[in-house]
Amino acid sequence: MPPFVLKDKEPRSIPIPKLVLSLLIQLKKEHNPDCPYLLIPPERWKVVQQTWQKMRQEGRAREWQNWRLVCNPNRDFKKVCKRAGIETDEKLYLHGLRKGWACNLAEGGIDQKTLCELGGWSDPSVLNEYYSKVTDANKARARQVLEDLMGE
């Protein structure tokens with residue numbers, strides 16, 4: 001079994017909505033028991049195992065990287081979006097899910113420290129620069145908080 005190395009060697013716990021959890025449980029019930037990864041198709045898992053065995057036989061096991069588990073995640077993500085009827089003028093990238101997740105939580109009022117911990121950012125400046133942007137909704141919420149404080 002090829003290793004899976006956690007980023008920064010630190011496990012993270014991320015809260016999952018009940019709907020997502022129920023979908024993951026359903027996927028697990030339908031999943032191929034020979035593959036330990038829920039979202040890797042059986043044919044891809046076979047290629048991963050072959051690659052891992054070859055690298056081990058050649059004495060290159062230390063060169064293993066997590067990216068070898070998936071073939072082209074952005075391509076696959078774009079295919080899934082197209083099948084789902086998702087259309088946008090923006091370019092679709094898998095990393096956009098992370099950005100959307102962080103932006104939605106920031107706009108929902110989740111504090112920066114919690115976002116950094118959940119998202120794995122050790123430096124809040126990265127979160128500020130790329131993920132938590134000022135939006136019209138946030139400006140309106142700030143104005144409402146000030147009006148509430150002033151009794152207006």
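Where is threonine 51 found? Threonine 51 sits in helix α2. The notes below take the structure feature by feature.

1. Basis. This is a predicted model, in which local features need pLDDT of at least 70, side-chain atom pairs count only at pLDDT 80 or more, and totals for chains, interfaces and linings use all residues. Residues are numbered from 1 along each chain as its sequence is written, and side-chain values use heavy atoms, with hydrogens and water left out. Helices (H or I, at least four residues) and strands (E, at least two) are DSSP runs, numbered from the N terminus.

2. Threonine 51. This residue of helix α2 is partly exposed because its relative accessibility is 29%. The classes are buried (under 20% relative accessible area), exposed (over 50%) and partly exposed (in between), with a 1.4 Å probe and protein chains only. Threonine 51 and serine 22 are 29 residues apart in sequence. In space, their C-alpha atoms are 33 Å apart.

3. Main core. Cys35, Ile40, Trp45, Val48, Trp52, Met55, Trp64 and Leu69 make up the largest nonpolar core, of eight residues. Such a core is a set of buried Ala, Val, Leu, Ile, Met, Phe, Trp, Tyr and Cys residues joined through side-chain atoms within 4.5 Å. In soluble globular proteins, nonpolar side chains tend to be buried together. Leaving aside residues up to four places away in sequence, valine 48 touches Pro2, Trp64, Arg68 and Leu69. Contact here means heavy atoms within 4.5 Å.

4. Second core. A separate core has six residues. Among them are Ala102, Leu115, Cys116 and Leu127.

5. Histidine 31. Look for this residue in the loop between α1 and α2 (42-57). Histidine 31 counts as buried because its relative accessibility is 15%. Its contacts are Tyr37, Leu38 and Ile40, not counting residues up to four places away in sequence. Ile40 is also one of the eight residues of the largest nonpolar core.

6. Nonpolar surface. Ile16, Val20, Leu21 and Ile25 make a nonpolar surface patch of about 320 Å². Patches take residues with over 30% relative accessible area and no salt bridge; like charges are joined within 9 Å, nonpolar side chains (Val, Leu, Ile, Met, Phe, Trp, Tyr) within 5 Å. Areas come from the Shrake-Rupley method with a 1.4 Å probe, and for residues only the protein chains shown count as cover. Isoleucine 16 lies in the segment before α1 (18-30). With 42% relative accessibility, isoleucine 16 is partly exposed.

7. Salt bridges. How many salt bridges are there? The count comes to three, where a salt bridge is a side-chain nitrogen of Lys or Arg within 4 Å of a carboxyl oxygen of Asp or Glu. Glu58, Arg60 and Glu63 are linked in a network. Glutamate 58 pairs with arginine 60, the closest N and O atoms being 2.5 Å apart. Arginine 60 also meets glutamate 63, at 3.1 Å, N to O. Glutamate 58 is partly exposed at 42% relative accessibility, arginine 60 at 27% and glutamate 63 at 41%. Elsewhere, arginine 75 and aspartate 76 form a salt bridge at 3.3 Å, N to O. Arginine 75 is partly exposed at 37%, and aspartate 76 at 34%.

8. Glycine 120. This residue is in the loop between α5 (112-119) and α6 (124-130). Its relative accessible area is 15%, so glycine 120 is buried. Glycine 120 and arginine 12 are 108 residues apart along the chain, yet their C-alpha atoms are separated by 7.5 Å.

9. Helix α7. The 14 residues of α7 (residues 136-149) should span 20 Å at 1.5 Å a residue, and the end C-alpha atoms are 20 Å apart, which agrees. The expected span is 1.5 Å times one less than the number of residues. Just after α7, glycine 151 has a positive phi of about 75 degrees.
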